[in-house]
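Please look at the structure first, then read on.

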Amino acid sequence: MHNPFVETPAGPPDADLLAAARTGDRESMGQLLSRHQPWIFNIAFRMLAHRADAEDATQEILIRVLRSLDGFRGESAFRTWLYRIAVNHLLNLKKANRAVSEAVCSFSQAADGLRKVPDLDLPDPRTVPIPVEILIEETKIGCVMGTLLCLDGRQRIVFILGEIFGVSDEVGAEIVEVTPANFRQILSRARQDLYEYLRGNCSLVNPGAACQCARKTRAYIQGGFVDPQKRTFTADYVRSVREVADSRAAELIDVYMRIAASVYRNHPFYEPAEQAALLRRELESISPEAQS
């Protein structure tokens, strides 16, 4: 899996694929967008915390990129231009009367809500269609991914880029359109707020914390947050984030912060097949002459 943020692609550079795509070469166009599509989807999934919303956002971003190619003047790297489109689109979305750029709730409100979730025994394995261990993992990933929504949109996107996907300060700053120093400041604050919350509440980071995934799983099922019939977070992936993205954990001094960072980087890196089908449909529907 090619990481577009830190590696030189094994195949043709983006600039070569772009030049061919502009002549109407659909294969080059498909190769160019397929290279970045999984990363757009994974960023969108973590920004929105719902697969369907992330799929819709990814499709909208791809359409916008396809229709805007003629407007790319090469004043920045193609990668920077593309991910600026993705980031700006995500930050401008509204969802259920809430702007994605806003935090869903404060960390103190999240902690209060977590304490209200009852501790229950695991469901009887005979009553669920998949192993109980998978349901616990579904609960764990969904809960930890949900903590990102306590960050405001800019903090969330900087944390996703800088901490989860290991994007450098320089590249991240170009994408978010801030200075590298500002990127580091935003990332530092997001880490501090997020990891302090996890240390106070999450047994994955602090074994002495009250919240244990296995004790919350049954309540999450009863509340409709985990569906044994349709997994949201533990299906359709073959690798973890740490397998495709460099780590910045060396920057973290406190042990609990290193542990917390590893929790996010052990999450799946998603490559849903339906996204490839979406890309093919968009390439078929938009001719080079129609791009503007």
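## Helices H6 and H10

Leu-135, Ile-136, Thr-139, Lys-140 and Cys-143 in H6 meet Cys-213, Ala-214, Thr-217, Tyr-220 and Ile-221 in H10, where contact means heavy atoms within 4.5 Å. By class, this contact has 7 nonpolar, 2 polar and 1 charged residues. Ala, Val, Leu, Ile, Met, Phe, Trp, Tyr, Cys and Pro count as nonpolar, Asp, Glu, Lys and Arg as charged, and the others, Gly among them, as polar.

The model is predicted: local features need pLDDT of at least 70 and side-chain atom pairs count only at pLDDT 80 or more, while totals for chains, interfaces and linings use all residues. Residues are numbered from 1 along each chain as its sequence is written, and side-chain values use heavy atoms, with hydrogens and water left out.

H6 covers residues 132-147 and H10 residues 213-222; they pack at an angle of about 90°, with their axes 9 Å apart. Helices (H or I, at least four residues) and strands (E, at least two) are DSSP runs, numbered from the N terminus. Axes are lines fitted to C-alpha atoms, for helices over the stretch in contact, and angles run from 0 to 180 degrees between N-to-C directions. H6 and H10 are therefore roughly perpendicular to each other, a term for angles of 65 to 115 degrees; under 35 is roughly parallel, over 145 roughly antiparallel, and the rest oblique.

## Helices H7 and H9

The axes of H7 (residues 153-164) and H9 come within 9 Å and cross at roughly 95°. That makes H7 roughly perpendicular to H9. Among the residues that meet are Val-158, Phe-159 and Leu-161 in H7, and Phe-183, Ile-186 and Leu-187 in H9. The contact of H7 with H9 has 9 nonpolar, 3 polar and 5 charged residues.

## The buried side of H1

Which residues of helix H1 (residues 14-21) are buried? They are Asp-14, Leu-17, Leu-18 and Ala-21. Their arc around the axis is only 100°, which puts them on the same side of H1; the arc is that of the directions from the helix axis to the C-beta atoms. Buried means under 20% relative accessible area, exposed over 50%, and partly exposed in between (1.4 Å probe, protein chains only). The buried residues of H1 pack against helix H2 (26-48) and helix H4 (78-91).

## Salt bridges

Side chains of opposite charge can pair when their charged atoms come close. The whole structure has 14 salt bridges, each a side-chain nitrogen of Lys or Arg within 4 Å of a carboxyl oxygen of Asp or Glu. In one of them, Lys-95 pairs with Asp-53, with the closest N and O atoms 3.2 Å apart. This pair links distant parts of the chain, as Lys-95 lies in strand E1 (residues 94-95) and Asp-53 in helix H3 (residues 51-68), 42 residues apart. Lys-95 is buried at 19% relative accessibility, whereas Asp-53 is partly exposed at 26%.

Asp-112 and Arg-115 form another salt bridge, with closest N and O atoms 2.3 Å apart. Both are in helix H5 (residues 107-116), 3 residues apart, and so are separated by about one helical turn. Arg-191 and Glu-251 also meet in a salt bridge (3.1 Å, N to O). Arg-191 is buried at 8%, and Glu-251 is partly exposed at 43%. Both belong to a network of salt bridges that links Glu-163, Asp-169, Arg-184, Arg-191, Arg-248 and Glu-251.
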